[in-house]
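Have your viewer open and follow along.

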Amino acid sequence: AGMADYPWWFGCDNTYSLKGVLATGRHELAISTLRLLKDFSEKTGDNGRVVHEVSTNGAVFNPGNINETPHFASMIRTLFDWTGDTALVGEFYPFLQKGMKWLLEENDKDGNLLPDGFGMMEIHGLNSEIVDVAVYTQQAFMDMAALAAVMGRKDHQSAYQRKGEK
């Protein structure tokens, strides 16, 4: 994402652009990019937070804004919709669970299911409850419910579904 000025990986930009990559049938490119983001995210902090920005030399410039983590969960749902690959869901599911937990436990101090932090707009003062993060978070709960169903985790499915509906 960001070519030609920024030739590196972005957690959010890649989850936008990989939808088009999937639609063109380049599933392996999408999968390898998602794995790369997951791997760098885990090296940066094993809490499920998705990195925002990784250079081609492996330097992580931003460990992740609030929007990347729920957006990544929804991208894995999109990946499953295109591939039907339950093994891929199984590969990513524990990481996604950690991320959703991190999203609420570390970033939703008032417990209203609206995490605080920077979303797409990285402007001083806009690190509160913002609409893009709210929308991505709600969608991620619904997508996590669907992924939990794929994993046969009815207990997780109902918990994510309730949060998404709330």
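## Ground rules

A polar contact here is a pair of N or O atoms within 3.5 Å; within protein, one must be able to donate a hydrogen and the other to accept it, and residues adjacent in sequence count only if both atoms are side-chain atoms. This is a predicted model, where local features need pLDDT of at least 70 and side-chain atom pairs count only at pLDDT 80 or more, while totals for chains, interfaces and linings use all residues. Residues are numbered from 1 along each chain as its sequence is written, and side-chain values use heavy atoms, with hydrogens and water left out.

T15 sits in helix α1, residues 11-23 (helices are DSSP runs of H or I, at least four residues, numbered from the N terminus). Its side chain reaches the backbone oxygen of G11 at 3.2 Å, and the T15 side chain also makes a polar contact with the side chain of H71 at 2.5 Å.

T15 has 0% relative accessibility, so it counts as buried (under 20% relative accessible area; over 50% is exposed and in between is partly exposed, with a 1.4 Å probe and protein chains only). Leaving out residues up to four places away in sequence, T15 touches L34, H71, F72 and M75 (contact means heavy atoms within 4.5 Å).

## How α3 meets α4

The axes of α3 (residues 68-83) and α4 come within 9 Å and cross at roughly 160°. Those axes are lines fitted to C-alpha atoms, for helices over the stretch in contact, and angles run from 0 to 180 degrees between N-to-C directions. α3 and α4 are therefore roughly antiparallel to each other (that label is for angles over 145 degrees).

On the α3 side, the contact includes F72, I76 and F80, and on the α4 side F92, F95 and W102 are among the residues taking part.

## E129 and V131

E129 is in the loop between α4 (86-107) and α5 (131-150). With a relative accessible area of 33%, E129 is partly exposed. The side chain of E129 makes a polar contact with that of N112 at 3.0 Å. Not counting residues up to four places away in sequence, E129 touches D108, D110, N112, L114, P115 and D116.

V131 belongs to helix α5 and, at 64% relative accessibility, counts as exposed.

Note on methods:
Helices (H or I, at least four residues) and strands (E, at least two) are DSSP runs, numbered from the N terminus. Angles under 35 degrees count as roughly parallel, over 145 as roughly antiparallel, 65 to 115 as roughly perpendicular and the rest as oblique.
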